[in-house]
Amino acid sequence: MKIANLDVFVLKTPLDQPFAFSQGWVHQRSATLVRVTTDNGLAGWGEAFTQGLEPPEIAAAAITHAFKPLVLGCNPLDTSVLWHKMYNQSRDYGRKGSVLAAISAIDIALWDIAGQFYSQPIYQLLGGAQRTSVQPYATGFYRLEGKNESQRLAKEARDHRDAGFRAMKVKLGFGVADDIDVMAAISDALGDHSIELMVDTNHAYGRAEALSLGKALEAYNIRWYEEPVVPEDVESYKALRAQLCVPIAGGENEHSTFGFNHLFQQHALDVAQPDIGSCGGITAIRDITAMAQANGVMVNPHVWGAAVAQAASLQILATLPVTNHSLFPTEPILEYDRSDHPFRQKLIDAPWAMRDGIVNIPDGPGLGIKINMDVVDEYSLPTA
Ligand code: CA
């Protein structure tokens, strides 16, 4: 079996109502998709993560110009061989960001092909499912004004709870005082300590402000405190871990085994959050997970992409071993983006949804999804 072709699709659509996280305003949702086809008629899909401020054309260009020529004609089952080939070839200009997202997209597509070739879900090829369903947590609480939105956000918390979510992640990073107002309003609105909260400042603060917020967060039932400082400031991650009893999470802006190795060596994280669409795909997160497990760090994938990235995340969530085994261990949890995304789930013909508080993990071959090409075409732009 050989890789016969590789097509890239850049999907974009403006949002009716732009929203903000601490780093800026999100005006559009986008995705970089790749379809790898084989000489015996299989087609695998992958997705490069494009975060809110990231133009999807960057990963698309890297796929087209840097990686497509490297993988054409190769055996798609050589997932590890091709990963290292792509990484080594791009090391001097890649290693992070959109270039790693491009590798991720191709890698996910190759695993999708492998699953179809062996008629098994990807989780089976990785050694089997630790679980067949996963609890989702609601990601939301984006801002429409910026500050002074605590009452609207408190209502949003009730809406997530009423929709069945037992865990939710609050976007903070709009000033420590405003953040504390938001947490107090949400806590009052929920009034139910069985709801688990996470917070995410998207690295809005330096160490002192991050510590000040972290001290205030200790009053709440916080599962993790995400990206408290910029990803480069590993020393502050360590300091915050030492000074707070709230678990520290990060890693959505880190990449590859090399990047995560540094975080683990520095004991910077309680929870590692590689994004499968940008950390290097299935191959990389498999290896990052092994490293995390050996370092006592929980892996909880970040995912904010469209249906292909979500499907890849579900396959990995099936495989993750618990970090601290016990009769009642802490299980990984699915990031379930509740913010506006006009084509996220329309991309596939059988979108999953939360039912009875859980999401079932697809058990079909590969990613277990079928892509709606009419939706791909509707949102696609020509790529250079
Ligand atoms: Ca985040």
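Proline 14 faces glutamine 28, which lies in strand β2. The two strands involved are β1 (residues 3–21) and β2 (residues 24–38), which run antiparallel and are joined by 14 bridges; strands count as paired if DSSP finds at least two bridges between them. A hairpin of two residues connects β1 to β2. Strand β1 also pairs in the antiparallel sense with strand β13 (residues 380–381), over two bridges. In that pairing leucine 11 stands opposite serine 380 of β13.

This is a predicted model, in which local features need pLDDT of at least 70 and side-chain atom pairs count only at pLDDT 80 or more, while totals for chains, interfaces and linings use all residues. Residues are numbered from 1 along each chain as its sequence is written, and side-chain values use heavy atoms, with hydrogens and water left out.

A calcium ion is coordinated by Asp200 (OD), Glu226 (OE) and Glu252 (OE), at 2.1 to 2.3 Å. Donors are N, O and S atoms within 2.8 Å of the metal, or 3.2 Å for Na, K and Ca; water is not among the atoms, so sites may look incomplete. Along the chain the donors follow the spacing D-x25-E-x25-E. Aspartate 200 lies in strand β6 (residues 196–200) and glutamate 226 in strand β7 (residues 222–226), so this pair, 26 residues apart, links distant parts of the chain. Aspartate 200 counts as buried because its relative accessibility is 0%, and glutamate 226 is likewise buried, with a relative accessible area of 0%. Buried means under 20% relative accessible area, exposed over 50% and partly exposed in between, with a 1.4 Å probe and protein chains only.

Serine 256 belongs to helix α9 (residues 256–265). Its relative accessibility is 1%, so serine 256 counts as buried. A polar atom of the serine 256 side chain lies 3.1 Å from the backbone nitrogen of phenylalanine 258. Leaving aside residues up to four places away in sequence, serine 256 touches Trp83, Tyr87, Leu100, Cys279 and Ile288, where contact means heavy atoms within 4.5 Å.

For the protein as a whole, 58% of the 384 residues count as buried. Of contacts between residues at least 6 apart in sequence, 76% join residues at least 24 apart. The C-alpha atoms fill a box of roughly 60 × 45 × 40 Å along the principal axes.

Methods
Helices (H or I, at least four residues) and strands (E, at least two) are DSSP runs, numbered from the N terminus. A polar contact is a pair of N or O atoms within 3.5 Å; within protein, one must be able to donate a hydrogen and the other to accept it, and residues adjacent in sequence count only if both atoms are side-chain atoms.
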